[in-house]
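The following paragraphs lead through one structure, from the packing of its helices to its overall dimensions and then to its backbone. Please keep the sequence and the coordinates in view while reading.

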Amino acid sequence: MLPIQIPVPLPLRFVNSYRLGPQDGPWLLVDVGMDTEAARSAFREHWNRFGRDAYEAVFLTHYHPDHTGLSGWIADELGVPVTMLAEERDLTYRVFGPGERSGDRVASYFRDHGMPESLNVRIFESHGDSTTHIRLPDEMAGLPAGHVFRLGDESWTILRAAGHTPSQGLPYRADDGTLLGGDQILPRITPNISRWPGEPHDPLKLYLDSLGELRTLPLSVVWPAHGHRIDNPLVRIDEILQHHVERLDIMAAVLEQGPQTAYDVARAVFRPNLSAHEWRFAVGESLAHLVHLEALGRARELPGGPPYRFAARTSRD
Ligand SMILES: [Zn+2]
Ligand SMILES: [Zn+2]
């Protein structure tokens, strides 16, 4: 296995692509970055040094542009099939396929959750920038969860890991407990768990359940899609779980001050001066926690709206 660092025009700066398989092939390429000249040059340099003839397929972990954006170019260059878990592939084309206007849907979603119009306009503009770096192949093969890529004597099983997106696929080699963590387990930041329109109602529940499942696997090392290798996966998984327990408590405490929209809660919990890009995630993340607090019986969504407001749940409710 070989990590390939690909620059992306986002605050995270790099996505880790991976070449899986034995030294002489066959190889599977996992995740590809966004369609920029810098990303194309990074792949060209890597191929000049390590070769490009033994690729058998490409697998994309999830639909986000930093993982899928360059896939059209990669498919043309390598001439091999591009694959994803089927549900995630369908979502990719629904959000970023030709003629899609997911930006409009996202703008009205933020408005419904209390975002002021001036900020919504800024978010819409910055989101437009990121979608310009996406070119998908005309088609991708959809795989079932549990699909096994056999690469020489290596077997990589695709595990379904929900929460960050509805159906992220993570390659796992049971022989030695090696997992590609995608954006499900990251070393420095906690993965963004947001509720987006058209996606599952309680993504935080799905995410916590998924981490609980991954925790039961024999895991020796996690190679994440951003940042460095994680040598103590269980410790890191527990840190992330703990982060969400604390954040749920913080947001429940904010609701004690009175009914709030997801935007109000984000303002109270996140640091001031967020960029437009960060506001998207702050509001989406707040809503994911509010919806989960509701599922836990600790909050309730008030009737009426938009804008939608949440209140603390008291014993009288
Ligand atoms: Zn992601
Ligand atoms: Zn990512």
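Helix H9 (residues 262–269) packs against helix H10 (residues 276–295) at an angle of about 105°, and their axes are 8 Å apart. H9 is therefore roughly perpendicular to H10, a label given to angles of 65 to 115 degrees, while angles under 35 count as roughly parallel, those over 145 as roughly antiparallel and the rest as oblique. Axes here are lines fitted to C-alpha atoms, for helices over the stretch in contact, and angles run from 0 to 180 degrees between N-to-C directions. Helices (H or I, at least four residues) and strands (E, at least two) are DSSP runs numbered from the N terminus.

This is a predicted model, in which local features need pLDDT of at least 70 and side-chain atom pairs count only at pLDDT 80 or more, whereas totals for chains, interfaces and linings use all residues. Residues are numbered from 1 along each chain as its sequence is written, and chains are lettered from A and ligands numbered from 1 in the order in which they are written.

On the H9 side, Ala262, Tyr263, Val265, Ala266 and Val269 meet Ala282, Val283, Ser286, Leu287 and Leu290 of H10; contact requires C-beta atoms, placed from the backbone, to lie within 7 Å. The residues of this contact comprise nine nonpolar, one polar and no charged. In this division Ala, Val, Leu, Ile, Met, Phe, Trp, Tyr, Cys and Pro count as nonpolar, Asp, Glu, Lys and Arg as charged, and the others, Gly among them, as polar.

The loop between H9 and H10 contains asparagine 273. This asparagine is not a glycine, yet its phi is positive, at about 60°. Asparagine 273 counts as exposed because it has 6 C-beta neighbours inside 10 Å; the cut-offs are 20 or more other C-beta atoms within 10 Å for buried, 12 or fewer for exposed, and partly exposed in between, with C-beta atoms placed from the backbone.

The contact involves Leu204, Leu208, Leu211, Leu214 and Arg215 from H7, and Leu234, Ile237, Ile240, Leu241 and His244 from H8. Its residues divide into eight nonpolar, one polar and one charged.

How do these elements fit into the whole? The protein has 10 helices and 13 strands. Its C-alpha atoms fill a box of roughly 65 × 40 × 30 Å along the principal axes. A compact globule of 317 residues would have a radius of gyration near 20 Å, and the protein agrees with this because its value is 20 Å; the radius is taken over C-alpha atoms, and the globule rule is 2.2 Å times the number of residues to the power 0.38. Of the 317 residues, 41% count as buried. Among contacts between residues at least 6 apart in sequence, 66% join residues at least 24 apart.

The backbone deserves a final look. Most residues other than glycine have a negative phi, and most peptide bonds are trans. Arginine 13, in the loop between strand S1 (2–7) and S2, has a positive phi near 75°. Arginine 13 is exposed, with 10 other C-beta atoms within 10 Å. The peptide bond from glycine 25 to proline 26 is cis, with omega near 0°, and proline 26 is placed in the loop between strand S2 (14–20) and strand S3 (27–30). The bond from glycine 305 to proline 306 is cis, with omega near 10°; proline 306 belongs to the loop between strand S12 (299–301) and strand S13 (310–312).

Definitions and conventions: Contact = placed C-beta atoms within 7 Å.
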